[in-house]
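Here's a quick report on a ligand site and the protein around it. Have a look at the structure first, then read on.

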Amino acid sequence: MRHLVGIPELSAPELSAILERTSEIAKGAIFSFPGAVALAFYEPSTRTEMSFLRACQLVGAAPLRLLPERASVQKGEGPEETLKTLLAIGAQVLVIRTPEPLLPHRLSHLGLSVVNAGDGAHQHPTQALADAVALSRALGELGGRRMLVVGDHLHSRVSRSTVALSVRLGMTVELAGPPDLLPEGFAEMLGATRSQDFEASLAQADVVMALRIQMERLGSVGAGDLAAYRREWGVTAERYQRLGAQPWLMHPGPANLGVEIDPELVDLPRSLIRRQVTAGVQVRAAVLSLIGEALS
Ligand code: CP
């Protein structure tokens, strides 16, 4: 395994190797990657960047953190030139978050191993893997289980990654959300189906994942719109408490608390939201160690 650019590009043996390695790391096994990992985050991040830094510590890699606001991107340097510079400095892996869809794919041909930490609204493969790991720890076998994903699918790389991987792992996945954030044909493109009735889908789900309303990609959204969104599509405490069998709760974070999910749900025993983050560290350590083995 040289790169991780997206869920569709991930082969079955690579997927099995990552899941197995993650499980070993979670049990305390030590794997090493005695090289340098460049982290270039051109969009804000807390979970992904911090967990890659922690993953570097776990596998003994040296993180080289490129801060775009202080880097030569400010002097007009493009990503290809930055990548070749990082290679010349001695990095073996580039972990990149970018607003530009498919940039990680393009960069993966230039000599460094590339891990996509989120490219625009396209892919976020380590998030999908973390979600699958957290979910399988809660549910056991995922095949045949029902997942409902509600929110802003249009702008979501998590939707495109986590839904695709959940379908691939045998889950029955329904998508819900307002028509302008869940376009016609979107669910089918990912092997999922569109929910015809949010409340009914919620009542049948083993797990519900709320997606962030991506304010920064929506333009101006008024508070009135957000209150209406919460009423119609929010995973609210009232809606959740009404359910007979309560589904597991997920959110990739960061959440607009009180919009797509109510704050009092986040730390319930049936919430996997913190466990998604913890699984993310282990998945990222697994990916780095497997790439390290492929490079040695
Ligand atoms: N889920 C996720 O990618 O979160 P961050 O933007 O904080 O990394």
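Predicted model: local features only at pLDDT ≥ 70, side-chain atom pairs only at ≥ 80, totals over all residues.

Let's begin with the overall layout.

Now for the ligand. You'll find it in the largest pocket, and both domains have a hand in the shell around it: domain 1 and domain 2 each supply at least three residues.

Who's in that shell? One stretch of neighbours runs through Pro44, Ser45, Thr46, Arg47 and Thr48. Another is made up of Pro252, Gly253 and Pro254, and Arg97, His124 and Gln127 are also around the ligand. By residue class, the shell comes out as three nonpolar, six polar and two charged.

| Residue | Protein atom | Ligand atom | Distance |
|---|---|---|---|
| Arg47 | polar side-chain atom | oxygen | 2.9 Å |
| His124 | polar side-chain atom | oxygen | 2.9 Å |
| Gly253 | polar backbone atom | nitrogen | 3.0 Å |

So how much of the ligand's surface does the protein bury? On its own, the ligand exposes 250 Å², and 92% of that is buried by the protein.

Conventions
Residues numbered from 1 in each chain as written. Heavy atoms only, no water. Near = heavy atom within 4 Å. Polar contact = N/O pair within 3.5 Å; in protein donor to acceptor, adjacent residues only side chain to side chain. Areas by Shrake-Rupley, 256 points an atom, 1.4 Å probe, with all protein chains shown as cover. 1 Å grid on protein atoms, 1.4 Å probe; cavity = no way out; pocket = protein on both sides within 12 Å on 5 of 7 lines; lining within 4 Å. Sits in = over half its atoms within 2 Å of the grid points. Nonpolar A, V, L, I, M, F, W, Y, C, P; charged D, E, K, R; others polar. Domains from an automatic or database assignment.
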